[in-house]
Amino acid sequence: MRLSARVDYALRALCVLAAADPATGDSLTSERIAEREQVPVRFLEGILRDLRRAGLVASRRGPSGGHTLATDARLVSLADVIRGVDGPLALVRNLRPEELEYGPDSQGLQDVWVGLRAAEREILEGTTVADVVHRRLPRVVRRHLGDDEGA
């Protein structure tokens, strides 16, 4: 699985927004988010627009403007973010694995791609932005880290 810089920066931006104090209702500027995560602000601004279109980020203009999460971080899966900036998960040559055609000797690859997508979904749809921010990763992630006991 290859994650683009857009996905990495989008996930990092949402973590920053999720870690902000929701009680204050303050929004964060693109510049502040970029500074916090050491990412290029111009690139981040385009990503934040995509996240707004995907319904994950709310933005306000003006002197007190900036960005906030559009919904509770506990309801935003990593898969939601990836789809919001890069499109569908697990494409092979820009096709869904079920749409591929293989010869008799390589037919098993299709099953591998379908299984890979299922494993990817299990982790990405089962992990929320809040899980990441609070370092309370789901059991499936901890298992792959060799830490099935703790968080």
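User: Which residue does R74 meet in a salt bridge?
Analyst: This is a predicted model, where local features need pLDDT of at least 70, side-chain atom pairs count only at pLDDT 80 or more, and totals for chains, interfaces and linings use all residues. Residues are numbered from 1 along each chain as its sequence is written, and side-chain values use heavy atoms, with hydrogens and water left out. A salt bridge here is a side-chain nitrogen of Lys or Arg within 4 Å of a carboxyl oxygen of Asp or Glu. At 2.5 Å, N to O, the side chain of R74 pairs with that of D72.

User: Is R74 buried or exposed?
Analyst: Buried means under 20% relative accessible area, exposed over 50%, partly exposed in between (1.4 Å probe, protein chains only). R74 has 60% relative accessibility, so R74 counts as exposed.

User: How many residues apart are E125 and R83?
Analyst: E125 and R83 form a salt bridge, with the closest N and O atoms 2.5 Å apart. The pair links distant parts of the chain: E125 is in helix α5 (residues 107–125), R83 is in helix α4 (residues 78–86), and the separation is 42 residues.

User: What separates D8 and R12 in helix α1?
Analyst: Helices are DSSP runs (H or I, at least four residues), numbered from the N terminus. The D8 and R12 side chains form a salt bridge at 3.1 Å, N to O. They lie 4 residues apart in helix α1 (residues 5–19), so the separation is about one helical turn.

User: Which residues are linked with R6 in a network of salt bridges?
Analyst: The count by this rule is 8 salt bridges. R6 is linked in a network with D50 and R53.

How values were computed:
Helices (H or I, at least four residues) and strands (E, at least two) are DSSP runs, numbered from the N terminus.
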